Number of protein chains: 2
Amino acid sequence: MTLQGTSIIGALRGQGSESAGQSINPTTNETFEPSYTAATSEEVEQAVRLAAEAFNTYRDTSGAKKAEFLRAIAGNIEASIEDLVARMPLETGLPEMRVRGEAGRTCGQLRMFATLCEEGSWVDARIDRAQPDRQPLPKVDTRSMLRPLGPVAVFAASNFPLAFSTAGGDTASALASGCPVIVKAHSSHSGTAEIVGLAIQQAVADCGLPEGVFSLVYGGGRTVGQALVKHPVIKAVGFTGSYGGGRALMDLAAARPEPIPVYAEMSAINPVVILPEVAAEKGEALAEGLFGSLTLGGGQFCTNPGLVFIHADAASQITGKLTELVNGSSSAAMLNAGICQAYGSGLDGLKNHASVQTLAEGKCGDAQNQAVPTVFQTTATDFLAAGDLTEEVFGPATLIVTYTSDDELSALFASLGGQLTASVHGTGSELAQQGGLAKLMEDRAGRLVYNGFPTGVEVCASMVHGGPFPATSDGRSTSVGTMAIYRFTRAVCYQDCPDALLPDELKDSNPAGIQRSEV
Amino acid sequence: MTLQGTSIIGALRGQGSESAGQSINPTTNETFEPSYTAATSEEVEQAVRLAAEAFNTYRDTSGAKKAEFLRAIAGNIEASIEDLVARMPLETGLPEMRVRGEAGRTCGQLRMFATLCEEGSWVDARIDRAQPDRQPLPKVDTRSMLRPLGPVAVFAASNFPLAFSTAGGDTASALASGCPVIVKAHSSHSGTAEIVGLAIQQAVADCGLPEGVFSLVYGGGRTVGQALVKHPVIKAVGFTGSYGGGRALMDLAAARPEPIPVYAEMSAINPVVILPEVAAEKGEALAEGLFGSLTLGGGQFCTNPGLVFIHADAASQITGKLTELVNGSSSAAMLNAGICQAYGSGLDGLKNHASVQTLAEGKCGDAQNQAVPTVFQTTATDFLAAGDLTEEVFGPATLIVTYTSDDELSALFASLGGQLTASVHGTGSELAQQGGLAKLMEDRAGRLVYNGFPTGVEVCASMVHGGPFPATSDGRSTSVGTMAIYRFTRAVCYQDCPDALLPDELKDSNPAGIQRSEV
């Protein structure tokens, strides 16, 4: 596939004017073709105008049709898999196996939402029939269901070029809910975005949907993204990235004349607690598990375990083996130079911290932008006194904090902001005695992991990939799993509406055959 | 009952220091006893501290226990009904019948949430069981349910001293979800707040719940309310009032180090469309219905129809009778002097507007703070050209806008901000031809009313009393009906959690006997 390097505006391609840069191979720092051009303000306006037009019909598209569309996207991505395998590793330093795995996950997500749409009960249809004889006043007929919010802007993530990007979770759930999507590509993998964007554009055409259901815009700086978030037609924003980037979008959206919801996944250090009995019982296995979770994907997962709380008496059961594994490990390429520099700064901060000891370090390879697995250690007393050790260091680093009492463990949790996950390892009897710890974990996180490590996020109905601020901007929602569809909806109530004018989901005859709650 | 005039801080009473004023009889402008004192900053801090402590156990209180508590509140309010009848009309100018009716609605809401809690399925329990043999990777066991956010601050409304105040919808839904509540009383009905606050305080004690589950604070200016919204322990805010007040709280909450959700119901003019055939068929009945809706509760309902779009050819079918009814009507007391002054300013603005004609005016009575029903008229052309006729005038006023084409009707809708409701009157054949209008209505409102007027909000499972900004701060939620419980919750996922440590709702044996979705 020859890439053109321009935005996708509905059924057409943009021209652009200013450069949005070339992709860079992070392992060599070499740039390669094509050069990408940023969408002009006119092109952004056109994408938004088309999205508004498309919403007018796409909002009422049947669940079966939306399912066909989502499956067509998945099919087209699978048909482009060799193009992705040729391009994505060059842009991201990620191996071919990861491309295939992440593409599988991305297509799986799309098909999960297709099934959800097709079945249709997700709209939470509620019917309260009229009671004309009720005293003292008759009751009207009221019926409600979830309806799409309107056009959505999605910002692609650096660290998941497929599963959290152009056709990722936010795009899939917004399209499933009936919202058109405009994706802002991430400059770290522009070519991957183009390949996937074309797969979606083709699916729009094949399914006979209005072209504005999907656009993909490139932008070098912040202009294009800010224009989207400030545009009155845009009704919600999805974002995965840094705290700074996410908070800036939140503030921009909150300051609009009409504020809109921003679903930003931003930062997490995902604390893992290891209780003493389990450490004594299977310390080596836990060290291996922690090492695997810590270094998975080059440590560039949002669920990376950045903080480990271990009872001081049992710490050596873990740290001995972990040190051996990390010292024997090799570096891996990071996604881009910016992320690698930030990781380097984070490591320097910990290495030079008066309260922190460097426990183990992997070997640094010859290629560019290498992330060296590194483990640090401190005590709870020092951690709490320092107060500056809760920042995310994005990459394969973790800080082991030894504690000596349950009160210290509570104080450690209380010092943390919101997290995507909180994990605990313990024997059955240890966990049974830790009711207080479960509450601390729940206060801080969206997913509580027992005897496991936080990396690996199942795509299913009960998944919550979200959590209290600053893990995400809005801890009431998830970016993974079927519940993500609720991000882009609001309930609408129809009072005494003639049956013919009701959405199918609310008609007396229930032609969609969905589950409804009726009184 | 002798009122003390001080805040309720958990099981105790505050002392206060600064004055929060006396209640004023709006019909005479006379003040009466007692004087209310504002909560001190120490008292606010104590209420918040108690709420945080209470959350630690109240969050895990069973549905049956929460139901008992909500019913105890309702019972205590009913036991205080004569105190309310003696006090509330003096403070608010509302008649005794309204006190009894609104108390009934308030207790009905509390019992509706009691039933919801007791049944228990509202938590949306989802179970995806483990698949240890899945290839290429085993699947972990994940289960999710909705959990309470934490302590909630509720700002009482001026216009519903019972149903949207101390024990109103936000308080009931927050308590039902498992969140402690701190209510900021409205200075317009301090005594009513105290009577209801004591009913809740007594219910907390009778049910053996931690005292911090409920507090009620008074404050003369903005200090007390702002302190609540900025406090890190507070996790959500409910508010019903003016656009200015609501937006200020939204901005305050968005600027916190940890932003929190604000559910503010702010302003709406609730457009009503009257199509020509139905106007010709039953113009007089429609005029009577409009007059009744317009003047209900002195025009002080958030669903008051402030704007009526009528086809020019049929306008006289409505305006003749409406003019007669309004000219023959009498004024009613408004809730307080501030609201009456704002209504007067709004009327002056319309009376002096070059594009607006005053069609009819009721008679002004002798008492203080009277709201005179008033009807204005203009054309769509003038309305759209003026651009300043979409502001809410809170009171029994409405503006009739005559249009001459469907395009003009579309342009009228397009000129409006978000609304709580949008209504249309039409014959069956007229409505069938107005598919475009249904979309315009849905874009702008949370509840679409067919052949009815917007006042009268059913408290039921399918009710949506919400709508796009600026009708509310967050159009994704409702303040009325069972869906209001979702305001104060977030989903939490438990991964491989031992059965004994799971909440009852997620245990294998389903001891709560609730509906769950399982895979």
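Analyst: Chain A has 519 residues, and a compact globule of that length would have a radius of gyration near 24 Å; chain A has 24 Å, so the two agree. That radius is taken over C-alpha atoms, and the globule rule is 2.2 Å times the number of residues to the power 0.38. This is a predicted model: local features need pLDDT of at least 70, side-chain atom pairs count only at pLDDT 80 or more, and totals for chains, interfaces and linings use all residues. Residues are numbered from 1 along each chain as its sequence is written, while chains are lettered from A and ligands numbered from 1 in the order in which they are written.

Along the principal axes, the C-alpha atoms of chain A fill a box of roughly 70 × 65 × 40 Å. Of the 519 residues in chain A, 61% are buried. Buried means that 20 or more other C-beta atoms lie within 10 Å of the residue's own; 12 or fewer means exposed, and partly exposed is in between, with C-beta atoms placed from the backbone. Chain A holds 15 helices and 22 strands. These are DSSP runs, numbered from the N terminus: helices are H or I with at least four residues, strands are E with at least two. Now take contacts in chain A between residues at least 6 apart in sequence: 75% of them join residues at least 24 apart. Two residues are in contact if their C-beta atoms, placed from the backbone, lie within 7 Å.

Now the helix pair. Helix α3 of chain A covers residues 81–92, and helix α4 of chain A covers residues 96–119. Their axes come within 9 Å and cross at roughly 130 degrees. Axes are lines fitted to C-alpha atoms, for helices over the stretch in contact, and angles run from 0 to 180 degrees between N-to-C directions. Therefore α3(A) and α4(A) are oblique to each other. The cut-offs: under 35 degrees is roughly parallel, over 145 roughly antiparallel, 65 to 115 roughly perpendicular, and the rest oblique. The crossing of α3(A) past α4(A) is right-handed. In such a crossing the near helix is turned clockwise from the far one by less than a right angle; anticlockwise makes it left-handed.

Which residues of α3(A) and α4(A) meet? From α3(A) come A:Ile81, A:Leu84, A:Val85, A:Met88 and A:Pro89. They meet A:Glu96, A:Val99, A:Arg100 and A:Ala103 of α4(A). By class, this contact has seven nonpolar, no polar and two charged residues. Nonpolar covers Ala, Val, Leu, Ile, Met, Phe, Trp, Tyr, Cys and Pro; charged covers Asp, Glu, Lys and Arg; the others, Gly among them, count as polar.

Elsewhere, some backbone details stand out. Most residues other than glycine have a negative phi, and most peptide bonds are trans. The peptide bond from A:Gln135 to A:Pro136 is cis, with omega near 0 degrees. A:Pro136 sits in the loop between β5 (126–128) and β6 (142–148) of chain A. A:Asp496 is not a glycine, yet its phi is positive, about 50 degrees. A:Asp496 lies in the loop between β21 (489–495) and β22 (517–518) of chain A. It counts as partly exposed because it has 15 C-beta neighbours inside 10 Å.
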